[in-house]
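Welcome, and take a moment to look around.

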Amino acid sequence: MTTADFARTALQECLAAEDILRDTLRAHLRPYQIRGIAWLARTAEVTGGAVLADEMGLGKTVQAIGLLTLRAHEGPQLVVCPTSLVTNWSHEVARFAPDLNVYTGPLEHAPDGPGSITVISYARLRLSIADVRRFDWATAVFDEAQALKNPRTQVSRAARTVGGRAHVALTGTPIENSLDDLWAILRVVAPALFPHRAVFRRRFTKAVDDGDAGALRRLRVAVAPVMLARTKSRVASALPPKIANPVLVDLTDEQAQLYDAHLARVEDTGFGDGFERHGRILATLTRLKQICNHPGLVTGDTRVLAGRSGKLDVCTEILGDNLRTGSPTLVFTQYRETGELLVRHFAEQLAVDAPFFHGGLSASRRDELVAAFQSGEGPGLMVMSLKAGGVGLTLTRACDVIHFDRWWNPAVEAQASDRVHRIGQERPVTITTLTSATSLEEHIDRLHRRKSALGAHADDTSALTELTGLDDERLMDILRRHREAR
């Protein structure tokens with residue numbers, strides 16, 4: 001329960017932060033964002049660490065820049081983010097806080113005075129941790145901090161050794177697989193409060209897994225001093241609704257024959273044992289998912305694309321309607337080959353030269369594609385790689401999202417969808433997921449739906465480990481997905 005004194009103090013902190021930022025931060029801040037900045041400033045000062053876990057789309061970046069602006073006088077500051085977001089961070093700081101000096105060059109020449117912000121990637125942090133540790137950072141911000149969820153990786157270990165007076169993690173998905181993910185992030189920003197993984201697992205992770213109804217309440221109390229997590233429904237009620245549109249699509253006869261033929265070959269040969277088994281299962285899963293996308297991806301025959309893939313035909317129908325009604329759309333796929341096929345098909349069937357945003361493009365080219373799409377210069381359609389386009393971008397010109405294929409981790413799909421459903425969006429957003437019926441994709445969809453109310457999601461590793469741990473008979477049942485009833 002909030003006391004009158006607490007509310008009064010919070011209001012005073014918000015008013016003080018707003019007064020300082022009025023002349024230094026060029027952003028129209030919403031009330032919850034001002035509160036977030038004030039909370040970050042106080043928490044960083046009192047505990048030395050904080051996790052801002054607002055739902056994706058609520059403006060964690062601008063809140064972090066507000067904090068960096070408030071603390072600019074204290075010395076140099078550091079931002080660590082995915083490689084694809086280094087340029088975005090540089091642009092956003094220049095846009096919102098032009099008085100700050102943003103640096104993205106070699107660390108040996110990084111500025112070390114007040115008002116300077118050095119932006120580096122997680123890859124560079126791992127490779128250049130010795131250079132990073134030479135600085136006494138006033139603030140270290142870790143964006144998309146779910147990158148730190150595995151405490152045993154070199155990146156996570158490096159992050160724990162970054163010196164500084166305040167460490168802040170930004171993430172819309174602090175729990176992707178289990179509560180251990182949250183501990184790994186807390187270990188970076190608040191090591192004094194959560195030093196031991198075994199203790200955290202015993203008090204919270206295992207208790208929740210065992211069905212202890214009070215464990216979640218105890219966890220919320222424990223993390224409340226250092227973690228702020230707000231949802232759009234609570235603080236951004238003016239944001240248009242997000243409409244889920246799950247579409248179950250039948251395989252064409254060609255797809256069904258290829259799918260069943262591959263399963264028959266696998267059933268005859270088996271999956272083997274040990275490391276060989278793991279590799280064979282992964283190869284089978286990939287092939288089946290490609291068949292679901294388009295048979296040409298496995299046969300090599302891509303001379304004619306239309307009429308051969310149920311998902312491609314349905315996707316084309318949706319896009320045709322969207323183009324006629326002026327509803328800009330993003331189409332996400334996990335495969336580079338599928339993206340290239342989609343671009344070609346849309347040009348042939350819809351007369352649209354759709355750009356393809358993927359990890360093989362240079363950072364400057366990706367920036368150009370985003371800017372052109374947002375400004376309305378290009379067509380109202382863009383194909384995007386799920387991983388490359390799934391984080392850190394704002395693409396609110398679009399009001400429709402289509403997931404052409406299903407990824408194991410629903411959090412990855414959600415992150416991609418929230419490139420569109422975020423602050424600045426003025427129209428309802430429709431999220432269409434295309435799932436091939438009686439196929440592996442139905443199993444993936446079921447994995448998504450059965451996740452617990454924790455907000456935890458099956459990550460890539462856990463979902464695949466579950467499958468590779470099954471015997472051949474049970475695994476074949478999953479891959480068939482009741483196809484024998486056809």
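In which loop does T438 lie? T438 sits in the loop between strand 13 (429-436) and helix 19 (440-449). Please keep in mind that this is a predicted model.

**Two residues with positive phi**

E144 is another residue to look up: its phi is near 50°, a positive value in a residue other than glycine. You will find E144 in the loop between strand 5 (139-142) and helix 7 (154-160). E144 is buried too, with a relative accessible area of 13%.

**A covered helix and one of its residues**

Next, find helix 3, which spans residues 60-70. This helix is mostly covered, with ten of its eleven residues buried. Among the buried ones are K60, V62, A64, I65 and G66, and the list also includes L67, L68, T69 and L70.

Q63 belongs to helix 3 as well, and its relative accessibility of 0% makes it count as buried. What is Q63 in contact with, once its neighbours within four places in sequence are left aside? Its partners are Y32, Q33, G36, I37, L40, L52, D54, L58 and R230. Two of those names, D54 and R230, come back in the next section.

**Salt bridges**

How many salt bridges does the count come to? The count is 19.

| Pair | Distance, N to O | Relative accessible area |
|---|---|---|
| D54 and R230 | 2.8 Å | D54 0%, R230 7% |
| E254 and R308 | 3.0 Å | E254 28%, R308 10% |
| R406 and D445 | 2.9 Å | R406 3%, D445 14% |

Let us begin with the side chains of D54 and R230, which meet in a salt bridge. D54 lies in the loop between strand 1 (49-52) and helix 3, while R230 lies in the loop between strand 7 (227-228) and helix 11 (232-235), so this pair ties together parts that are 176 residues apart in sequence. D54 is buried, and R230 is buried as well.

The side chains of E254 and R308 form another salt bridge. Here E254 is in helix 12 (residues 253-269) and R308 is in the loop between helix 14 (296-299) and helix 15 (310-325), so the pair links parts that are 54 residues apart in sequence. Is E254 buried or partly exposed? E254 is partly exposed, with a relative accessible area of 28%, whereas R308 is buried at 10%.

In the remaining pair of the table, R406 meets D445. R406 is found in the loop between strand 12 (400-403) and helix 18 (410-417), and D445 is in helix 19, so parts that are 39 residues apart in sequence are tied together. R406 is buried, and D445 also counts as buried. Elsewhere, salt bridges that share partners join E45, R71 and E74 into one network.

**K311 and its surroundings**

Now turn to K311, a residue of helix 15. With a relative accessibility of 1%, K311 counts as buried. The C-alpha atoms of K311 and H294 are separated by 8.0 Å, and these two residues are 17 residues apart along the chain. Leaving aside neighbours within four places in sequence, K311 is in contact with V249, C292, N293, F404, D405, L434, T435, S436 and E441.

**The cysteines**

C292, one of the contacts of K311, brings us to the last topic. How many disulfides does the structure hold? The structure holds zero disulfides. For C292, the nearest cysteine sulfur is that of C315, 15 Å away. A disulfide needs a pair of cysteine sulfur atoms within 2.5 Å, so C292 is in no disulfide. C315 is in no disulfide either, and the nearest cysteine sulfur to it, that of C399, is 15 Å away. Both cysteines are covered: C292 counts as buried at 1% relative accessibility, and C315 counts as buried at 0%.

Notes
Residues are numbered from 1 along each chain as its sequence is written. This is a predicted model: local features need pLDDT of at least 70, side-chain atom pairs count only at pLDDT 80 or more; totals for chains, interfaces and linings use all residues. Side-chain values use heavy atoms; hydrogens and water are left out. Buried means under 20% relative accessible area, exposed over 50%, partly exposed in between (1.4 Å probe, protein chains only). Helices (H or I, at least four residues) and strands (E, at least two) are DSSP runs, numbered from the N terminus. A salt bridge is a side-chain nitrogen of Lys or Arg within 4 Å of a carboxyl oxygen of Asp or Glu. Contact means heavy atoms within 4.5 Å.
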